[in-house]
Amino acid sequence: MTQLTEPTDQRLAKGARARATIAQRAAELASVEGLDGLSIGRLAADLGLSKSGIATLFGTKEALQLAAVQTGRDIFVERVIAPSLAVPRGIERIRALVDRWFAHIDEPPFPGGCFRVATLTEFSSKTGPVHDAVVADHDQWLAFLAAEIAKARELGALPMVDPDLLAFELDAIVSAANVARQTGDSSRVDAARAIAARLLSAQG
């Protein structure tokens, strides 16, 4: 009997590729227009797809928003965290994380700059699954950074430092640098770099 339908594994792979492409474009748009600004119609027009096709893959706008959040997280892990894990734990890994974090700001993968900064500001006062995903992503990053700082302290590089406080300070500095970069104020990006370096050299 002639095969009339595409094999299941091929259809699943094609669906996964389509989801990834749509989620990537959703994250790009959300970085500029906000997660609430996402619409299936806009994505369909941008990508040359049917609205029904996108709706079939994601179902709801909320699911699309959550996919965009996951994409932003995955790209941050790929660009900032994963390469830094090749550096031995301690102050050098902290510096590698911060350097790659600033590189993520200087050469952002999204037109609106750092996806985390943009969406956290947008959803900090809202409720629901998208708020929870955005906040969880931010909290997990700070917890990871604080744990790396704590390990560096155990190794003797950061005596007397409060890991949670230093993680918060670094997050605030890089977030401010992202805003400065998006407004074209390179001098303040340089100032943020200098502040972060001073914090780590004073502690290290």
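1. Aromatic pairs. This predicted model holds four aromatic pairs. In one of them, the rings of F76 and W141 have centres 5.0 Å apart and planes at 75 degrees, so the pair is edge-to-face, the planes being over 60 degrees apart. F76 belongs to helix α4 and W141 to helix α7 (residues 129-154), so this pair ties together parts of the chain that are 65 residues apart in sequence. F76 and W141 are both buried.

2. A second pair at W141. The rings of W101 and W141 also pair: their centres are 5.0 Å apart and their planes stand at 85 degrees, so this pair too is edge-to-face. Since W101 sits in helix α5 and W141 in helix α7, the pair ties together parts that are 40 residues apart in sequence. Both W101 and W141 are buried. Ring pairs join F76, W101, W141 and F144 into a cluster.

3. Helix α4 against helix α5. The axes of α4 (residues 61-84) and α5 (residues 91-106) come within 8 Å and cross at roughly 150 degrees. An angle over 145 degrees counts as roughly antiparallel, which makes α4 roughly antiparallel to α5. The crossing of α4 and α5 is right-handed. On the α4 side the contact uses I75, F76, R79, V80, I81, P83 and S84; on the α5 side it uses R93, A96, L97, R100, W101, A103 and H104. By class, the residues of this contact are nine nonpolar, two polar and three charged.

4. Helix α5 against helix α8. The axes of α5 and α8 (residues 163-182) come within 9 Å and cross at roughly 20 degrees. The two helices are therefore roughly parallel to each other, and α5 passes α8 in a right-handed crossing. From α5, the residues in contact are V98, W101, F102, I105 and D106. From α8, they are L170, D171, I173, V174, A177, N178 and R181. Eight of the contact residues are nonpolar, one is polar and three are charged.

5. Helix α6 against helix α7. What is the angle between the axes of α6 and α7? The axes of α6 (residues 115-123) and α7 cross at roughly 130 degrees and come within 10 Å. That makes α6 oblique to α7. The crossing of α6 and α7 is left-handed. R116, T119, L120 and F123 of α6 meet V130, H131, V134, V135, D137, H138 and W141 of α7. The contact of α6 with α7 has six nonpolar, three polar and two charged residues.

6. The chain as a whole. The secondary structure comes to nine helices and zero strands. The C-alpha atoms fill a box of roughly 70 × 40 × 30 Å along the principal axes. Of the 204 residues in the chain, 41% are buried. Among contacts between residues at least 6 apart in sequence, 68% join residues at least 24 apart. The pairs of F76 with W141 and of W101 with W141 each tie together parts of the chain from separate helices.

Methods:
Residues numbered from 1 in each chain as written. Predicted model: local features only at pLDDT ≥ 70, side-chain atom pairs only at ≥ 80, totals over all residues. Heavy atoms only, no water. Axes fitted to C-alpha atoms, helices over the stretch in contact; angles between N-to-C directions. Helix = DSSP H or I, 4+ residues; strand = E, 2+ residues; numbered from the N terminus. Parallel < 35°, antiparallel > 145°, perpendicular 65-115°, else oblique. Left-handed = near helix turned anticlockwise from the far one by under 90°. Contact = heavy atoms within 4.5 Å. Nonpolar A, V, L, I, M, F, W, Y, C, P; charged D, E, K, R; others polar. Phe/Tyr/Trp six-rings, centres within 6.5 Å; stacked < 30°, edge-to-face > 60°. Buried < 20%, exposed > 50% of the residue type's maximum accessible area, 1.4 Å probe, protein only.
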